[in-house]
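Biologist: I would like to learn how to read a protein model. Shall we take it feature by feature?

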Amino acid sequence: MIVDLHMHSTASDGSLSPEALMQRVHAAGVDLVALTDHDCIDGQAEAAATARALGVRWVSGVEMSAQWFGHTLHILGYGFDLDAPAMVGALAAVREGRWSRAHQISERLAGKRMPGAFDGAVAVQQAAGGDASQPPGRPHFAEWMVQAGHVRDHGEAFRKWLGAGKLGDIRQHWPTVAEVVSQILAAGGVAVIAHPWHYGLTRSKLRALLREFATAGGRGIEVVNGKQPVDQVAYLGKLSVEFGFLASCGSDFHSPDSPWTRLGSMTALPADCDPVWEDRVFCG
């Protein structure tokens, strides 16, 4: 069975609509799928309808942001009730913060002789079929900067202006790990830490995070994220077993133009791990 439980659509920062993404999922031979847009579930209904029509097993998903000792983390939620007040309310609050951040990015870029960034990023987002109810993200600002001739490519946009520690890297106040896990559990879902290797944590800090996550009610970690190196997968697999976590896997697909993230194409999950799709929320 091919499982891909981490991907993004135009409802957040992906380049394909939920429908087009599910069609591509089916073409890739994926059997079980979750759309996990950033702090957004607006694409879930369309993704579910398309996946089911194509015979692909679907489960609700989201990638929620959290704060942990100065680090911004991502927590994946699966199998939750899309209409649960806890989930709807939490994501509405985050959305308001994202709108504010988008305006701040635009204001900062205007101060560097790049006026019109907000309207430009919104235009880029809508041209890609993005949801107008969602604020533009940094990838949309990067594309606008390329189109406006301020940078050569997306890489330069992030290196100079939008990446970590740069002018456009405006930190939003995210909820705590415990708060996010609580919101997912209240909606009937299961919580999984996304790509634990991506946060630059030492091994001792990663263990501390996993202990706190488990105490909060977290159930799993994403052991496989795309074409992750085998040694990283092996280490995360050992942590999964040690902490009694379920193991998840996903491509983290955003765009067909990113050859390193292909749908359904990932490093294999270690054999001694218990897959997250054996959890009750995947049995509905």
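Biologist: Is K166 buried, partly exposed or exposed?

Modeller: The model is predicted, so bear that in mind throughout. Start with the cut-offs: buried means under 20% relative accessible area, and exposed means over 50%. K166 has a relative accessible area of 36%, so it counts as partly exposed.

Biologist: Where is the place of K166 in the chain?

Modeller: K166 sits in the loop between α6 (154-162) and α7 (177-186).

Biologist: Which residues is K166 in contact with, leaving aside its neighbours within four places in sequence?

Modeller: Those partners are F158, R159, K160 and W161. For a separation, take T261, which is 95 residues from K166 along the chain. Their C-alpha atoms are 25 Å apart.

Biologist: Now T50. Is T50 buried or exposed?

Modeller: Use the cut-off of 20% again. T50 has a relative accessible area of 12%, so it is buried. It belongs to helix α2 (residues 44-53). Beyond its neighbours within four places in sequence, T50 is in contact with E19, M22 and Q23.

Biologist: How do I read a helix? Which residues of helix α5 are buried?

Modeller: The general idea comes first. An α-helix has 3.6 residues a turn, so residues three or four places apart point the same way. Now the case here. Helix α5 covers residues 138-147, and its buried residues are H140, F141, A142, W144 and M145.

Biologist: What do the buried residues of α5 pack against?

Modeller: They pack against three helices: α3 (85-110), α4 (117-127) and α6.

Biologist: On to sheets. What is the strand order in the open sheet of 3 strands?

Modeller: Strands of a sheet pair through backbone hydrogen bonds, either parallel or antiparallel. In this open sheet the order is β1-β2-β3, and the pairing is parallel. The edges are β1 (3-4) and β3 (57-58). Each edge strand has a single partner, so one side of each is left without a neighbour in the sheet.

Biologist: How many bridges join β1 and β2?

Modeller: β1 and strand β2 (residues 32-33) pair in the parallel sense over 2 bridges.

Biologist: How many residues of strand β7 are buried?

Modeller: In β7 (residues 220-225), 6 of the 6 residues are buried, so the strand is largely enclosed by the rest of the structure. β7 pairs with strand β6 (residues 190-193) in the parallel sense, over 2 bridges. V192 stands opposite G220 in β7.

Biologist: Let us zoom out. How many helices and strands does the protein chain have?

Modeller: The count is 9 helices and 9 strands. For overall dimensions, turn to the radius of gyration. A compact globule of 284 residues would have a value near 19 Å; this chain has 18 Å, which agrees. Its C-alpha atoms fill a box of roughly 55 × 45 × 40 Å along the principal axes.

Biologist: What share of the residues count as buried?

Modeller: Of the 284 residues, 53% are buried. Among contacts with a separation of 6 or more, 72% link residues 24 or more positions apart.

Biologist: What about the surface and the charges?

Modeller: The accessible surface is about 12200 Å², and carbon and sulfur atoms hold 52% of that. The chain has 24 positive and 30 negative side chains. The centres of the two sets lie 9 Å apart.

Methods. Residues are numbered from 1 along each chain as its sequence is written. This is a predicted model: local features need pLDDT of at least 70, side-chain atom pairs count only at pLDDT 80 or more; totals for chains, interfaces and linings use all residues. Side-chain values use heavy atoms; hydrogens and water are left out. Helices (H or I, at least four residues) and strands (E, at least two) are DSSP runs, numbered from the N terminus. The radius of gyration is taken over C-alpha atoms; the globule rule is 2.2 Å times the number of residues to the power 0.38. Buried means under 20% relative accessible area, exposed over 50%, partly exposed in between (1.4 Å probe, protein chains only). Contact means heavy atoms within 4.5 Å. Accessible areas come from the Shrake-Rupley method with a 1.4 Å probe; for residues, only the protein chains shown count as cover. Lys and Arg count as positive and Asp and Glu as negative; His and the chain ends are not counted. The place of a charge is taken as NZ of Lys, CZ of Arg, CG of Asp or CD of Glu. Two strands pair if DSSP finds at least two bridges between them.
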